[in-house]
Every structure is written in C-alpha cells, then in structure tokens.
Amino acid sequence: MERSLLVAVRFHEGRYHGAGGWPPAPARLYQALMAGAARGATVPDAARNALEWLERLPPPVIAAPRGEEGQGYVGFVPNNDLDAALSGKNASDIEDAVASIRVGKTVRPILFDAAAPVLYCWRFDGDEERAAALCEAAGHLYQLGWGIDMAWADAAVLDAEEAQGRLSAHGGVIYRPSAGAAGRDLLCPRPGTGRSLAARFDGMRTRFRSSGSNRKPVRVFAQPPKPLLASVAYNAPPHRLLFELRKGGAASAFAPRRLSEAAALVHEVRDQAARKLCDAAPVRAEDVERYLVGLDATEADKAARVRIVPIPSIGHPHADMAIRRLAVYVPQSCPLRTDDIAWAFAQVVWPDSDGVIASELQRADEDDAMAERYESAGRHWRSVTPLALGAARRRRIDPARPTEDAKGAAERTREEARTVHVVRQALRHAGVRASPATVRVQREPFDGHGERVDAFTAASRFPKEALWHVSLTFTGPLAGPLVLGDGRYLGLGLMRPADPMPGVLAFAIEAGLADDADPALVARAARRAMLARVQASLPRGQTIPRYVSGHEDDGSPARDGSHRHVAVVPDLPRRRLLFFAPSLLQRSRASSPQIRDHHALLERALEGMTMLRAGRAGLLILAPSMPDTESDPLFAHSREWESVSDYRVTRHRRRLADKDALMADAISELDRIGCPVPASIEVLSIRRGSRGGLSGRLRITFATAQRGPLVIGRTAHKGGGLLQAC
C-alpha cells in the first residue's frame with residue numbers, strides 16, 4: 001500500500017534568507033536533516049541509511065505559505081581572501097587587512113506567515129522502518145537556510161489519502177514536480193547525495209594545506225568537491241474552473257461559438273464576471289481590475305493574473321472546433337479567492353432581445369476529457385487560435401495595389417525568420433524554459449476545421465499582420481496548457497499537443513552524414529545507442545523490455561515474426577532517422593498499458609540525443625523533428641509505393657527464379673502485416689549478397705490507396721525494406 005512521509009518545518013520568524021528563493025528546496029531540507037542527525041563529524045548508521053533511502057524516492061510535493069521579497073539591505077563582510085591578505089603581515093595589521101577585503105553583500109529575505117508550516121511530502125511503498133528513522137531525525141533539525149533561519153520540524157508516516165488532505169488543507173501554494181520543462185528549478189537529493197555531502201564536509205575541513213619546502217612553507221587552498229544534487233522543475237499549477245456554454249434552461253444543449261469569436265467571448269465573459277465581483281465586494285474592486293481585467297497590471301502581476309481560455313472541440317477528424325467550454329485558471333498566488341471567481345463566472349448570461357436568457361455559463365465537471373486534451377504533455381504543439389506577436393508584424397499589402405505591393409520570397413523569408421525569434425521570446429515570457437528544436441509559422445491553420453488568422457481580427461484588438469499560426473517541436477514532452485503571445489489573456493495563442501503519427505519518433509540529420517552512407521550501418525549504430533540510453537534510464541539490474549530490445553527474457557532473439565519490437569528506420573534521402581512502434585509495422589493501432597509504458601520509456605531515453613557516431617556513415621548531428629503526415633511520402637496515402645532501401649527476402653524459394661522469388665516473398669510479407677494483395681509488383685533491381693542472400697528494389701501498386709508507413713522484409717528492424725509513396 002502506498003504511504004507518504006510528511007515533514008512539516010516551522011520557522012521561529014517569518015523570514016527566510018537561504019539562497020534559491022522560496023520555497024526552500026528539498027535539497028536544503030536534506031542537508032538540514034543530515035546536519036541535525038550528525039554527532040560531531042559522523043552520522044549514525046540508522047540516520048545515514050534512512051537518508052540514503054530518501055535519496056532514491058521521487059521528488060516531494062511542497063506546500064508553503066505565500067512568500068514575498070522583503071526590503072533588502074547591504075552588509076559589508078570580508079570575502080574569502082583573508083588568508084591571502086594576511087600573508088606576510090603582523091598581528092597588528094589584521095584590522096587593516098580585513099578592511100581591505102570587505103565587500104558589499106545584498107541581503108533580501110523572503111517574508112511569510114511564520115504560523116504556517118512548510119510541508120514536504122514524499123510518497124513511497126513499503127520500508128516504513130527507514131521512514132520512521134527519518135521521523136526521528138526530523139526531531140533534531142534546528143535550522144533551515146542560513147544560520148539565522150532557526151527552525152524545527154516534525155514528521156509522520158501517513159496514508160497517501162490523509163497526506164493529500166493535509167496538503168489540500170494547508171491554504172498556501174502547492175508546488176509539484178513539473179511533467180514538462182515549465183516551472184522553476186529546485187535542487188533535490190539524488191542517489192549519492194549523502195556521500196557527496198560527507199566528502200564536501202571533509203574537504204572544507206582540509207581546504208587549506210601546507211606545501212613547499214621547510215624553509216619556505218606555502219599555504220595552498222583546495223576547492224572542496226561540489227555536492228551531488230539533481231535539478232528538478234517545480235511549478236505551482238493554478239486552480240482550474242471549467243464552464244460550459246449552454247442554452248438557457250436546457251442543461252443538455254450546448255450553445256457553441258465559432259472559433260474566430262474566441263477573443264470576443266473572453267472579453268464578454270471577463271467584463272461580466274468583473275462587474276459581478278465589484279458589485280458584490282466594492283472594496284476589492286482594485287484587485288479585480290488588476291488581476292482579472294488586467295488594468296494597471298505590471299510585469300510582476302502577470303504570474304498572479306486570472307487567465308480565461310476558450311476550449312474548442314478537438315480530438316476527432318470531424319470535430320468542428322467550435323467553442324463549447326471555457327476554462328478559468330486561477331493562480332495560487334492570486335489575491336482573489338477561487339470560490340468567489342467561480343461564483344462570478346456562474347452568473348454570466350446572454351439575454352435575447354426580449355430579456356430572456358438565451359445562453360449562459362454553467363459549471364462543468366472538472367475532469368472533463370476535452371479540457372484535459374489541452375493539458376496533456378506532448379513534444380509537438382500546434383496553435384488552435386493564432387498567436388498575437390506584435391513584434392513580428394508583417395508588412396501590410398494595400399488591397400488596392402496587390403500586384404505592386406506583392407512580397408518576394410526573400411522578404412517573406414525574413415518575416416518568418418523574425419517571427420520564429422519572437423516565438424522563442426513568447427515562450428520565455430510565458431514561463432516556458434524549454435527551447436523548441438523546430439518552429440514553423442504560417443497564416444493558414446494546421447487543422448482542417450481551423451480558421452485563417454484574418455478571421456480573428458474583427459473580434460480582437462490585434463491586426464491580422466500580427467497574428468500567426470505556430471507549430472513547435474520540443475526535445476522532450478511539455479505539459480499543458482500552453483497559451484502564448486500578447487493575446488494569451490484574451491483567448492488567443494492557445495496550443496494543443498499534436499502527435500501526427502503516434503508511435504513515431506523522428507530525428508533530422510542536420511550534419512555529418514556521409515554521401516555514400518549505408519542505411520544498415522546507420523540503423524546498427526542507432527539501435528546500439530537506443531539500447532544504451534534505455535539501459536541507462538532503467539534501475540540497476542532491470543533488463544531492457546522486449547518492446548525495445550527484440551529479445552526474450554532469456555536473451556534469445558524474438559523470432560515469432562510478429563514485429564513486436566521497435567524498428568530503427570534510416571530515411572537517408574530525406575536525411576532523418578525514425579523509430580517506429582511495432583503497431584505501425586503491423587498496421588494496427590492496438591495498444592495496451594504496458595506497451596504505452598514501454599514507448600514512454602523509449603521517448604524519455606531518447607530525449608536529448610543530439611549526436612550519433614555511425615562509423616563510416618559519419619558523425620551525425622541530430623535534432624527532433626515532426627513529419628507532416630499529409631504530405632510526407634512515408635506516411636501519405638498512395639496506390640504506388642517504391643523502395644527507399646533494399647528489400648531482403650525472409651526466406652529464399654529455391655525453385656523460383658530470383659525475380660519471382662522476390663515478388664512471392666513480398667506478397668507474403670504484405671499479407672502478414674495486413675495489407676491487401678497488390679495489383680502488381682515490379683522488380684526494379686536484384687542483388688545477391690556475399691552469402692547468397694537475395695535482395696532488391698520494388699515498385700508495388702495496390703488497387704486502392706494504402707497509408708504508410710510500409711516497412712517489410714527480413715531487415716525491417718535494421719534499416720531495410722522501407723518504401724515511399726510515388
């Protein structure tokens with residue numbers, strides 16, 4: 001049964017001076033626990049074993065009272081050059097030496113409510129003995145932060161549900177490890193942290209050593225080793241309120257709005273809710289205008305502002321992308337109460353000409369599947385409503401002079417390059433620290449039921465020249481919701497995770513590929529890199545799953561012919577490297593929780609792979625990419641398919657000629673993966689290997705269009721048998 005270790009830290013004063021900001025990082029708590037449990041220069045075995053166990057747990061959830069920076073002051077203190085300043089001086093010169101090396105140090109404490117504790121919650125399964133030892137060690141904690149940040153702690157082992165209740169009832173800000181790259185970095189313990197802290201402690205005690213001859217001794221300073229810590233992205237997810245646009249008096253009927261009306265809808269809803277709040281609580285009118293409407297809001301207020309996001313309907317090829325839901329995100333640092341905001345938005349109505357309520361906002365179920373589509377994590381993101389990028393405004397073409405003012409290719413390229421730069425800035429302004437590997441900008445929508453940027457100008461204050469549809473690809477998954485641009489508080493800039501072909505991981509080969517590179521050599525190097533990275537991401541002693549390795553648990557190759565492991569597919573004509581899930585090779589979308597977990601493991605392992613040593617094929621420089629499934633020749637629909645790499649027969653039929661053997665084996669392979677019998681097969685070339693293996697290039701024609709990818713033959717998992725649409 002899952003349990004939780006809950007450590008509550010209380011400060012004597014409502015001031016915190018530690019580096020790294022607020023809240024105190026889990027690594028600081030770990031150091032404080034270790035220092036409190038130490039007896040002189042040693043840590044008792046029970047406490048040391050418990051701390052080593054804590055290192056292996058996932059990062060904790062933190063609940064802390066709201067903190068804000070206090071008034072700073074500058075203190076002049078000696079720096080670490082005192083020993084050098086005293087070299088060769090008498091004792092009477094100490095005061096002058098100290099005065100010569102004083103430097104100003106700015107101190108700006110964090111102010112918070114000292115009555116509220118800071119909670120750290122680790123989840124674990126089993127081993128309550130070590131958790132109990134940590135509870136005892138927490139009783140010896142005496143400070144957290146600087147030496148003046150006196151504190152004490154108590155800890156308890158609770159059920160997971162009870163610990164979650166304690167966190168929810170805390171009343172402060174809850175910080176959780178981020179699934180993506182958004183948030184702020186906090187240092188956390190990792191395996192080996194305790195040993196590294198002990199080594200640093202010993203290094204600090206012996207950092208000054210005597211060296212040189214006996215006649216002329218020299219004092220040598222040795223830098224103590226750095227502690228081994230992990231940087232984890234934390235964020236404080238806002239409270240989400242979900243509403244549905246319903247017809248008045250009919251709870252079962254939606255009142256959808258067009259996608260292009262997103263900005264107008266947000267404007268109407270926001271102003272109505274603001275009036276309701278101001279009428280109910282006039283004393284809070286200033287906060288309502290600043291944090292809900294945005295009047296007089298400064299750069300520092302952006303993190304606390306309420307954000308209203310229209311939710312268009314997506315998830316199906318025939319979804320009309322009309323707005324039927326509205327999500328209201330209330331940051332935990334917002335001074336306005338969440339329940340007050342929920343009440344105000346529930347009062348929003350649209351009367352008809354006779355004063356009868358025609359439509360209204362109704363509170364919806366918080367676990368709505370449509371809203372969760374925008375909050376899920378993904379590597380590829382596409383805009384649903386265009387981004388407002390004022391700094392990337394295009395040159396306007398006079399409608400009366402379309403020919404004279406037409407833009408050339410060079411000007412369009414410069415405009416798009418400038419827009420890509422502004423998009424990267426918009427990510428930083430939205431608090432997203434991850435830098436996208438690829439950025440694509442255009443005026444047309446990426447979805448069939450989307451709308452061009454021109455349709456959004458009538459209902460927003462942004463001209464069409466400042467609106468762009470954007471597609472982003474990151475090296476790792478990023479958690480939503482993702483809303484970017486100058487109009488992110490006005491219903492624009494909403495993006496959704498878009499995996500155009502589930503089960504495909506694509507990397508562009510940006511440089512280093514030899515002109516005569518062999519696909520088999522590239523595939524072999526990529527497969528070895530894949531296995532090494534997956535093994536490094538697994539706990540020690542755990543074997544690589546068959547989904548990745550293609551081997552049974554006893555180490556023997558999986559030879560049942562079912563294509564149940566990942567295929568490494570170099571597409572050298574288009575200079576890219578692809579990893580295909582086995583479901584794509586079998587032309588089925590069947591999946592299971594275990595397969596999805598294994599594919600997620602592969603995605604995590606391949607994150608950050610930017611270089612591949614492929615022998616004679618070259619030192620390949622890689623970058624994540626996203627195939628366009630509509631126009632990409634490997635994924636498009638087509639009746640005719642032609643070989644990109646050699647097709648090798650699975651078994652040689654000795655009674656047939658080489659040409660007939662190739663054709664017969666290809667028909668058998670296509671039948672095995674679920675393709676229909678082709679109308680015709682043309683053999684373009686035939687080659688025999690050094691051991692008599694038969695391979696060649698084919699052109700296959702079907703009676704009806706088939707969708708890719710098509711990878712068949714004996715070497716389908718090793719770089720061979722790839723076909724492209726003609």
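User: Why is R10 called partly exposed?

Analyst: R10 has a relative accessible area of 26%. Buried means under 20%, exposed over 50%, and partly exposed in between (1.4 Å probe, protein chains only), so R10 counts as partly exposed. A word on the background: this is a predicted model, where local features need pLDDT of at least 70 and side-chain atom pairs count only at pLDDT 80 or more, while totals for chains, interfaces and linings use all residues. Residues are numbered from 1 along each chain as its sequence is written, and side-chain values use heavy atoms, with hydrogens and water left out.

User: What makes D154 and R10 a salt bridge?

Analyst: The N to O distance between their side chains is 3.0 Å. A salt bridge requires a side-chain nitrogen of Lys or Arg within 4 Å of a carboxyl oxygen of Asp or Glu, so D154 and R10 qualify. D154 sits in strand β9 (residues 151-159) and R10 in strand β1 (residues 2-11), so this contact ties together parts 144 residues apart in sequence. Strands here are DSSP runs (E, at least two residues), numbered from the N terminus.

User: How do you know that D571 is buried or exposed?

Analyst: Its relative accessible area is 0%, so D571 is buried. D571 also meets R574 in a salt bridge (2.7 Å, N to O), and R574, at 30% relative accessibility, counts as partly exposed.

User: And why is K718 called exposed?

Analyst: K718 has 56% relative accessibility, so the label exposed applies. K718 lies in the loop between β36 (710-711) and β37 (722-725).

Conventions. Helix = DSSP H or I, 4+ residues; strand = E, 2+ residues; numbered from the N terminus.
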